[in-house]
Amino acid sequence: MENYRANIMLCGGTGCTAGGSLKIREAMQQGIRDKGLEGEINIQLTTCSGFCPQGPIMIVYPDNVLYQKVSLKDVPLIIEEHLIKGRPVERLLYKEPAKKQGIPGIKDIPFFNRQVLRALRNKGLIDPDSIDEYIARDGYQAAAKALLEMTPEEIIKVVKDSGLRGRGGAGMLTGLKWERAASVKAPEKFIICNRSIIEVEPHLIIEGMIIGARAIGASQGYIYVRTGAPIIIERLNRALQQAREYGLIGENILDSGFDFELELFASSDEFVCGEETALLMSIQSMRGMPMPRPPFPVEKGLWDMPTVINTVETFANIPQIILNGAEWFRSVGTEKSPGTKIFNLSGALNNTGLIEVPMGITLRSIINDIGGGLIKGRTFKAVQVGGSTGGYIPEQYLDMPVTYEDVTQMDAIIGSGGIAVLSDLNCMVSSARFTIEFAVDESCGKCPPCRIGTSVILDLLNKVVNGTATEEDIYLMEDLALDIKNTSLCGLGQTAMNPVLSTIRFFKDEYLEHINEKWCKAGVCKELCTFYIDKEKCIGCGACARVCPKKAISGEKKKPHHIDQSLCIQCRSCYETCKFNALKIGPRSMREELTDNEAAAYIKGAIKEVVQQ
Amino acid sequence: MIELTINDKTIQTTEDSTILKAALGADIYIPNLCYDRRLRPFGACRLCVVEVEGENKLLAACSTPVKQGMVVHTETPKVIKARKTVLELLLIHHPLDCPICDKAGECELQDLVFKYGASTNRFKGERRHEPERLDAPIVEYNPNRCVLCGRCIRICLEHQGVGAISFIDKGIKTRISPAFYEPLDCEFCGQCIDTCPVGALGSKPYRHASRTWYMEDHPIICPFCGCGCTTNLSIREGRIVRARGKEGVGINNGDLCSKGRFGFDYIVSENRLKTPLIRKDGQLRPVSWSEAIQTVAKRLTEIGDKYGAFSIGAIGSQRCTLEDNFMFQRLMREVVRTDNIDSAARFGYAKAQTAFEWAFGLESLPIRWDAPLKADYILVVESDITSTMPVWGLNFILAKYYGSQLVVADSRETKLARNSTNYLKIRPSSGLALLGGMAHVIYHEGLYNKEAASEVHNFDALIASLNEFTPAKTSLLTGLTEEQIREAARSYASAKSRLIAITSGYAENTKSLYTFLAAANLVLLMGDRPETLQVPAEFCNTLGMWDITIRPLVNGKDCYDMLYTQDTPRAMYIMGENPLVTFPDISTVERALKKVEFLVVQDIYLTDTAKLAHVVLPASSWAEKEGTFKSATGDLQRINKLLPAPEGTRPDWEIIRDIAEAMGGNLKVRDLSDVRLQMEEYFRDVLGKHIRTRLAFNPIRYELMDHTDSEYPLYLVTETVLQHSGSLSVLSKNLDSVVPEPYIQINLADAERLGVKHDYFVKVSSRKGSVFLKAIVTDEVEEGTVFAHTHFSYGKVNILTYPSVVSMLPLVPVKIEPA
């Protein structure tokens with residue numbers, strides 16, 4: 001066992017890999033070899049650190065220094081300055097907004113130190129492809145305990161007592177689900193892990209599934225991966241292979257007498273296959289369309305046998321519950337929603353990425369404390385909770401605790417764990433329209449409310465966005481959306497209406513502005529906005545003119561500039577560039593007015609010239 | 001039983017029921033589009049949503065199980081609004097085709113919108129206007145009218161066991177189609193058409209044929225196979241426009257097959273005979289009925305007087321009614337005074353009947369419709385049940401769905417083989433060996449019912465004959481492994497309830513009397529009741545015809561004696577049968593018929609046999625006369641005169657009555673009611689007369705009539721296809737559009753070896769003769785075997801075949817060369 005003086009952990013999550021962390025690792029390895037330091041310094045890839053937009057991420061241990069946005073050209077600098085001379089590279093450190101000083105220590109970065117890591121406890125610490133490193137961090141201890149020291153009933157009891165709720169969105173008590181499946185008599189039972197993104201190390205999923213299989217008496221398990229990402233599939237296959245070699249999958253696991261076969265099932269990228277009955281259809285080589293429930297999968301699932309379907313995060317919590325007990329699990333979170341939850345924080349915040357926080361934390365705390373507040377210059381408008389089909393929550397409800405029960409009151413869902421912050425630069429109508437477009441694309445086509453209804457709603461939202469809608473259309477949309485929500489066969493149709501319903505509920509004035517004033521104040525709906533320059537505020541710096549793709553802005557240096565409406569494509573680049581608040585967004589009608597005014601002014605000027613002559 | 005309340009009405013229902021089923025059973029209508037009582041709940045249309053007290057969401061009635069004390073409301077404002085919206089959405093893109101849509105007047109969407117829909121649509125959308133799919137026979141699909149209820153897909157997959165169509169594309173672009181938008185290639189049973197609630201799926205023969213209110217519906221029994229299904233004929237101004245199944249009606253309860261649904265147009269074939277014909281100067285010339293009757297009477301009397309009554313023979317019809325056949329055998333027995341009367345069943349059902357008598361001492365063993373549903377273990381031996389008894393065959397698929405083991409032993413991949421739990425691929429005609437092998441294992445491993453077997457005669461003789469069916473010998477004969485044979489025997493013996501199903505068609509050349517005896521032996525070994533062996537009588541009235549004694553009773557000549565020995569009768573009267581096409585070894589049949597001095601043929605069209613006749617008598621057909629059929633289940637069912645008989649034709653029994661009178665006989669019959677009264681008496685007196693009460697084992701032998709050799713290296717198996725029935729159905733243009741010609745199926749490897757190309761003609765020769773057939777190269781048949789059907793007269797496939805002597809297997813060795 002080598003004793004390194006420094007361990008460099010390069011984030012190997014999908015985002016950072018896409019950002020080049022593999023190449024950075026190679027470069028670092030080469031650089032270290034060149035300096036003859038390979039015996040002293042270890043470089044390895046780790047599981048996702050969760051700080052995805054700031055990636056590629058590099059953490060240097062034992063200094064606990066975090067570098068963000070590392071690129072290939074930084075490598076020599078890091079080696080020279082930090083590893084040899086012991087001076088952290090200031091430029092690459094995380095900086096809090098409005099602060100000049102970088103925060104080197106990961107423990108001091110609020111984004112990290114406010115999180116409570118349970119499912120993500122190995123985040124950024126181990127090589128996701130190494131079963132040994134996983135085992136070194138107590139990996140598979142819970143599986144051993146469950147198989148060798150506990151009965152299935154005891155396993156189910158501790159999961160029930162923990163109050164763990166399915167982290168996939170609906171929030172059903174996991175212990176209850178397992179209990180139901182265990183109680184049904186059938187020749188075969190199945191356990192399935194359902195997810196499109198794998199945030200944790202594969203071995204954690206495998207371990208959780210082994211324990212679950214033991215609890216319900218399943219002999220066959222599937223990890224259902226609904227995406228074309230080859231990296232995920234490779235990682236999972238490697239992990240399954242390793243687990244099999246170590247006798248953790250297959251016959252007579254750990255000499256316990258328990259057999260469990262676990263396989264990967266990779267399907268094409270269909271959103272609707274996240275719905276559990278559609279998922280089952282897909283595994284059975286049928287078209288992925290939901291089937292009515294009842295019968296529920298725990299009674300009649302895969303091949304009509306009892307089947308438990310849980311997501312990655314649910315399984316990820318299981319090993320720790322087994323090792324530490326139900327009380328420990330309940331020590332964070334709320335009474336009805338104990339434990340932690342992984343969220344995908346995104347939007348107009350300073351810090352975004354994958355976080356794990358106790359249930360019951362308020363939205364305000366997530367946004368300000370962990371997210372670091374809104375980006376400078378932007379104001380909060382709404383937060384979308386639940387992923388692409390979550391509802392929008394306005395400012396006045398930000399103190400709402402994030403729990404399963406509170407969130408559904410607001411026409412939102414925990415769902416895939418997405419928390420997206422919208423600012424004044426987002427148009428609520430356009431956001432709702434985007435979600436509906438997604439639903440139209442992903443609808444399987446089985447039931448008329450979703451198949452036809454979402455298209456109708458999309459047509460109506462298009463009318464609003466194009467400026468041809470009437471007020472009547474808002475009520476039509478709301479009415480229809482409610483009916484669609486009430487009659488759709490599966491969660492896709494039911495939840496797709498959340499954005500529409502919540503935006504109409506909380507942001508009706510935006511709709512009315514779009515319809516009556518033909519004005520998209522956020523400047524997103526191109527048909528409903530006019531970009532113009534406030535001559536009082538403009539100092540003529542020319543920054544906007546430089547970013548305009550159509551060269552529509554003209555003006556002399558240090559003199560107020562002017563936008564040619566006939567060239568402007570409403571891309572909003574100028575608005576986002578101006579630091580002097582001189583760029584304004586007006587209603588559609590202004591375009592014609594301004595053009596007319598300018599034409600008038602031009603003619604006036606021309607007449608003046610003629611007259612002067 | 002549980003109790004629940006729907007709309008304040010208390011209902012009782014079974015525990016496994018759903019809200020919708022319970023409601024419909026209590027005459028409370030809950031609107032639905034995607035529900036079909038034969039299928040699993042699908043939950044697609046969302047029209048059946050209801051409010052249940054204690055639930056905050058609307059629940060779909062079709063898939064929600066009932067619970068004790070449940071309180072359901074189906075007409076609350078929330079529910080009504082939801083239904084209206086769903087219908088509104090469906091109508092946005094649904095084309096306003098009612099004025100030209102064939103479904104108008106019977107359209108479920110029309111009815112639902114009329115009752116539950118809004119009268120205006122709040123939403124505007126473009127009507128769909130995609131082209132129709134007309135590229136397949138029989139079935140047309142209009143995607144614009146389709147509401148995507150999925151009934152057609154599910155009926156095809158779940159109920160029919162085929163799965164030819166499915167959803168294609170997704171979201172708003174979803175359609176119904178075969179895979180990859182290829183043209184439809186399936187059984188063309190038409191179940192999908194009947195279950196479609198709107199005008200999306202239709203039948204091409206019916207396209208634009210009528211508006212619903214111009215038609216009258218009449219039920220009638222189908223004239224094809226022994227199922228005895230009731231079809232509903234829609235008749236417009238004296239023409240049958242279409243046939244449909246109707247829920248709750250008939251033993252088939254609304255299910256039909258291709259023949260039942262589309263074969264009805266055979267009666268309007270241009271080839272129908274319109275006038276009696278007499279051979280004068282070598283040519284058949286039209287004559288009057290009186291001349292024809294007088295000629296027949298005169299010549300029969302002459303020949304009877306000259307050579308004796310024993311020189312006259314008759315062949316009756318498996319398709320004519322009981323009344324027709326009854327009168328026929330009366331004419332022969334009472335007036336002509338001969339016992340030489342038989343039918344084509346001699347080559348088929350007669351073997352099964354003999355087995356019933358010898359093994360069980362039974363005169364008759366009709367099938368039971370629900371037999372497959374009551375068996376845990378079903379063994380089907382070399383029988384394409386879903387082609388020859390299609391609707392009964394659905395019960396086999398249903399039994400498997402409910403968990404029964406369905407073991408299919410066959411040399412060709414049939415639909416039942418594809419739907420089986422265990423498919424044993426055996427060599428052709430070795431089903432007999434498999435049954436023997438199973439008996440051997442069951443006996444030697446002590447798995448048989450010792451007590452019951454000890455009460456059955458001939459036990460020792462059976463065991464001695466089983467020495468030829470050791471696992472090793474059986475393995476050689478069948479091509480299965482010894483382990484497979486042992487496993488089949490063990491699972492057969494250990495099942496709680498058993499069923500052996502074998503068909504007995506006269507065109508099938510893979511079975512002999514011993515096949516049926518071998519099956520009966522197994523039944524008796526296990527101490528099971530005779531009903532454990534189910535052998536359906538082939539055609540609509542085969543069982544009836546057999547019961548009404550169209551067979552020699554007292555040493556009369558049977559078909560084999562009459563046509564295949566030197567004993568050809570001097571005069572023959574053939575009714576409703578076409579030996580020159582459908583009997584085996586037609587060269588011999590032709591020689592025999594040409595020797596007949598006086599041949600009378602009574603049929604509905606000028607068959608090949610009729611072309612040799614001296615007198616041809618034109619008969620009325622199905623739906624043109626009154627009559628009774630006895631189906632394979634033993635049910636007596638009436639067919640009615642729904643159409644005027646074509647000019648010049650008369651019912652068979654009437655013709656015979658007149659001939660009898662002209663011959664001086666007095667059958668004491670004036671009209672049909674007389675016939676029926678006398679028939680009843682006859683049934684009472686004849687049936688049940690010769691009962692042997694003892695049960696007996698029967699030793700069996702595996703003997704082929706002929707073996708392959710280097711010159712004739714392949715075995716030809718003849719069989720029936722689903723879409724045709726004997727030589728009658730080829731008159732139907734509808735059925736001909738699906739299977740238009742004779743062909744021979746040959747394995748890929750054999751084809752390559754012999755240089756045979758798919759869809760090209762080949763010369764097929766046996767020791768009896770040669771024919772030319774189109775080759776279909778497929779993997780449905782194994783190497784060394786070829787399959788051909790015998791339905792088309794110009795195919796002349798029966799030139800190649802052997803007449804099946806009772807105990808030997810008439811499999812035919814053939815050779816194939818590219819033509």
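Colleague: What should I know before we start?

Modeller: This is a predicted model, in which local features need pLDDT of at least 70 and side-chain atom pairs count only at pLDDT 80 or more, while totals for chains, interfaces and linings use all residues. Residues are numbered from 1 along each chain as its sequence is written, chains are lettered from A and ligands numbered from 1 in the order in which they are written, and side-chain values use heavy atoms, with hydrogens and water left out.

Colleague: Why is the pair of Tyr397(A) and Phe506(A) called tilted?

Modeller: Rings of Phe, Tyr and Trp (its six-membered ring) pair if their centres lie within 6.5 Å; planes under 30 degrees apart count as stacked, over 60 as edge-to-face and the rest as tilted. A search of the whole structure gives 28 aromatic pairs over all chains. For Tyr397(A) and Phe506(A), the centres are 5.3 Å apart and the planes stand at 55°, so the pair is tilted.

Colleague: What makes this pair a tie between parts of chain A?

Modeller: Tyr397(A) lies in the loop between β14 (391-394) and α15 (404-409), and Phe506(A) in helix α20 (residues 491-506), so the pair ties together parts that are 109 residues apart in sequence. Helices (H or I, at least four residues) and strands (E, at least two) are DSSP runs, numbered from the N terminus.

Colleague: How do you know which of these residues, Tyr397(A) or Phe506(A), is buried?

Modeller: Buried means under 20% relative accessible area, exposed over 50%, and partly exposed in between (1.4 Å probe, protein chains only). Phe506(A) has 16% and is therefore buried, whereas Tyr397(A), with 32%, is partly exposed.

Colleague: How is the direction of α7(A) relative to α12(A) described?

Modeller: Helix α7 (residues 152-162) and helix α12 (residues 312-324) of chain A pack at an angle of about 105°, with their axes 10 Å apart. That makes α7(A) roughly perpendicular to α12(A). Axes are lines fitted to C-alpha atoms, for helices over the stretch in contact, and angles run from 0 to 180 degrees between N-to-C directions. Angles under 35 degrees count as roughly parallel, over 145 as roughly antiparallel, 65 to 115 as roughly perpendicular and the rest as oblique. At the meeting place, Ile155(A), Val158(A), Val159(A) and Ser162(A) in α7(A) meet Ile318(A), Ile321(A) and Ile322(A) in α12(A).

Colleague: What makes β14 and β16 of chain B edge strands?

Modeller: Seven strands of chain B form an open sheet with mixed pairing, in the order β14-β13-β24-β23-β22-β15-β16. β14 (283-286) and β16 (341-342) each have a single partner strand, so one side of each is left without a neighbour in the sheet. Two strands pair if DSSP finds at least two bridges between them. Strands β22 (residues 571-575) and β23 (residues 598-603) of chain B pair in the parallel sense over five bridges.

Colleague: What makes Arg319(B) a charge over the ring of Phe539(B)?

Modeller: The rule asks for NZ of Lys or CZ of Arg within 6 Å of the ring centre and within 35 degrees of the ring normal. Arg319(B) lies over the face of Phe539(B), at 4.0 Å from the ring centre. Arg498(B) lies over the face of Tyr492(B), at 5.6 Å.

How values were computed
Contact = heavy atoms within 4.5 Å.
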